[in-house]
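Here is a short tour of one protein chain. Keep the sequence and the 3D view open while you read.

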Amino acid sequence: MTDHQQAPPDHLVINVQRRDDPVSLVTEADALVASRTYGRVVVRGPLFGIAEQRRGERPRWRLLTDMETGYPQDARDELNSHLWFKAKDETDDRRERRALLEAVARLETEPLNELTVGDTRYRVVRADEFARTGQGRLEPPRATDADSEGWDSLERTPSNTKGFVVDHAAAVGLTEGLDRMGLVSLAYTSDRFPPDVLADSRRALRTHPGLVLLPVVFRVMEHKENSWSMASSQHPTPQDARRALIYYLKTYLPMTGEVDEREAAVYARAADSFMRRVRSNELKVRGRSFQIARIERMMRIGPAGPEGPRRSDVDDQGPSQIHPRMDEWGNVERNA
């Protein structure tokens, strides 16, 4: 306790603030009930994205992606594209464009997890995806989770992750504070993980002892024997996930030829029945069981900010050129 005789560093502070407004009180009560019903945490594995830190914003970082890709190189490629389009569309300054393109050129040949361009620092950041389980099922959406309306498959609710500010010392409600305290010591323990993955997970408890919870997302999950598999990408609201399930049943399956015409009609009828229910989160059809699941993500924080990729994370793909060449004037080479 003598290491920080004055104010502790931000990555060790969990600032819990009592909130007495009606919405916060209902949300806290909902979370308390859910914690009693779904008391077990199941970690799926890592997700990667990119974050930026501008001059004057330290120690805070801002997420630039949805934190959904499963491989560090995919996140590096996202950073490559971010900087290329920034050079193309967001500046008329030749020196700034040149600096951005020099960073792009490095990302085409080097597996960089951090670089600085001008007054902005960029980092490939890591989070762990997990769900809560209880009574033999995954936690469904809570009544207090933000939701959307409608069944148009083309509708997209804006991301709740892009733009999220990673600030370990920011004030949070009582339930989130308790959640973070309970998760701080969480490490991989399952024997399905290789020894180096388990060792890196334990090491992260020392190198990145802080923890921030990212915005909740939702996925369509399918129950298969004794496990669950993902049947959709992540979505910002339960209704977006429900729309994804309907698209899968009515459009994707027939389009891929996985089902014949008769089976397609069965899936379509099941989808229509699901759509008539009020915010339903489960669907069973042809022996298959789907659920809209509430997915959480935790990001570890150290003295220098969010954790980056670990040595044991799968990272088999190398960097490559993604976009055509551009000069400092903004002229893009076009292939004949």
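This is a predicted model: local features need pLDDT of at least 70, side-chain atom pairs count only at pLDDT 80 or more; totals for chains, interfaces and linings use all residues.

## Around Phe85

Phe85 sits in helix H2. Pick out Leu101 as well, 16 residues away along the chain. The C-alpha atoms of Phe85 and Leu101 are 9.8 Å apart.

## Surface patches

Start with charge. Asp92, Asp93, Glu96 and Asp119 form a negative surface patch. One of them, Asp93, is in the loop that runs between helix H2 (72-89) and helix H3 (94-107). Asp93 has a relative accessible area of 34%, so Asp93 is partly exposed.

Now the nonpolar side. Val16, Leu174, Leu178 and Met181 make a nonpolar surface patch of about 390 Å². Val16 belongs to the segment before helix H1 (22-37). Val16 counts as partly exposed because its relative accessibility is 37%.

## Aromatic pairs

A pair of aromatic rings is described by two things: the distance of the centres and the angle of the planes. There are 5 aromatic pairs here. One of them joins Trp151 and Phe274. Their centres are 6.1 Å apart, with 70° between the planes, and the pair is edge-to-face. This pair links distant parts of the chain, 123 residues apart. Trp151 is in the loop between strand E5 (137-138) and strand E6 (165-166), while Phe274 is in helix H7 (residues 261-276). Trp151 is partly exposed at 27% relative accessibility. Phe274 is buried, with a relative accessible area of 1%.

Tyr248 and Tyr252 make a stacked pair, because their planes are at 20°, with the ring centres 5.6 Å apart. Both residues lie in helix H6 (residues 238-256). They are 4 residues apart, about one turn of the helix. Tyr248 is buried at 14% relative accessible area, whereas Tyr252 is partly exposed at 34%. Tyr248, Tyr252 and Phe290 form one aromatic cluster.

## Salt bridges

How many salt bridges does the structure hold? The count is 35. Among them is the bridge between Glu68 and Arg219, with the closest N and O atoms 3.8 Å apart. Glu68 lies in the loop between strand E2 (61-63) and H2, and Arg219 in strand E8 (residues 217-224), so this bridge ties together parts that are 151 residues apart in sequence. Glu68 is partly exposed at 29% relative accessibility. Arg219 is buried at 3%.

Another bridge joins Arg132 and Asp179, at 3.5 Å from N to O. Again the pair links distant parts of the chain: Arg132 is in strand E4 (residues 120-134), Asp179 in helix H4 (residues 174-183), and 47 residues separate them. Arg132 is buried, with a relative accessible area of 10%. Glu90 and Lys86 also meet through their side chains in a salt bridge, at 3.5 Å from N to O. Glu90 is exposed at 54% relative accessible area, but Lys86 is buried at 17%. Salt bridges can also join up: Arg126, Asp128, Glu307, Arg310 and Asp313 are linked in a network.

## Backbone exceptions

Most residues other than glycine have a negative phi, and most peptide bonds are trans. Where does a cis peptide bond occur? It joins Arg58 and Pro59, with omega about 5°. Pro59 is in the loop between strand E1 (40-54) and E2.

Next, look at phi. Glu225 is not a glycine, yet it has a positive phi of about 50°. Glu225 lies in the loop between E8 and strand E9 (227-230). Glu225 counts as exposed, at 74% relative accessibility. Arg279 is not a glycine either, and its phi is positive at about 50°. Find Arg279 in the loop between H7 and strand E10 (282-285). Arg279 is partly exposed, with a relative accessible area of 35%.

How values were computed. Residues are numbered from 1 along each chain as its sequence is written. Side-chain values use heavy atoms; hydrogens and water are left out. Patches are made of residues with over 30% relative accessible area and no salt bridge: like charges are joined within 9 Å, nonpolar side chains (Val, Leu, Ile, Met, Phe, Trp, Tyr) within 5 Å. Accessible areas come from the Shrake-Rupley method with a 1.4 Å probe; for residues, only the protein chains shown count as cover. A salt bridge is a side-chain nitrogen of Lys or Arg within 4 Å of a carboxyl oxygen of Asp or Glu. Lys and Arg count as positive and Asp and Glu as negative; His and the chain ends are not counted. The place of a charge is taken as NZ of Lys, CZ of Arg, CG of Asp or CD of Glu. Helices (H or I, at least four residues) and strands (E, at least two) are DSSP runs, numbered from the N terminus. Buried means under 20% relative accessible area, exposed over 50%, partly exposed in between (1.4 Å probe, protein chains only). Rings of Phe, Tyr and Trp (its six-membered ring) pair if their centres lie within 6.5 Å; planes under 30 degrees apart count as stacked, over 60 as edge-to-face and the rest as tilted.
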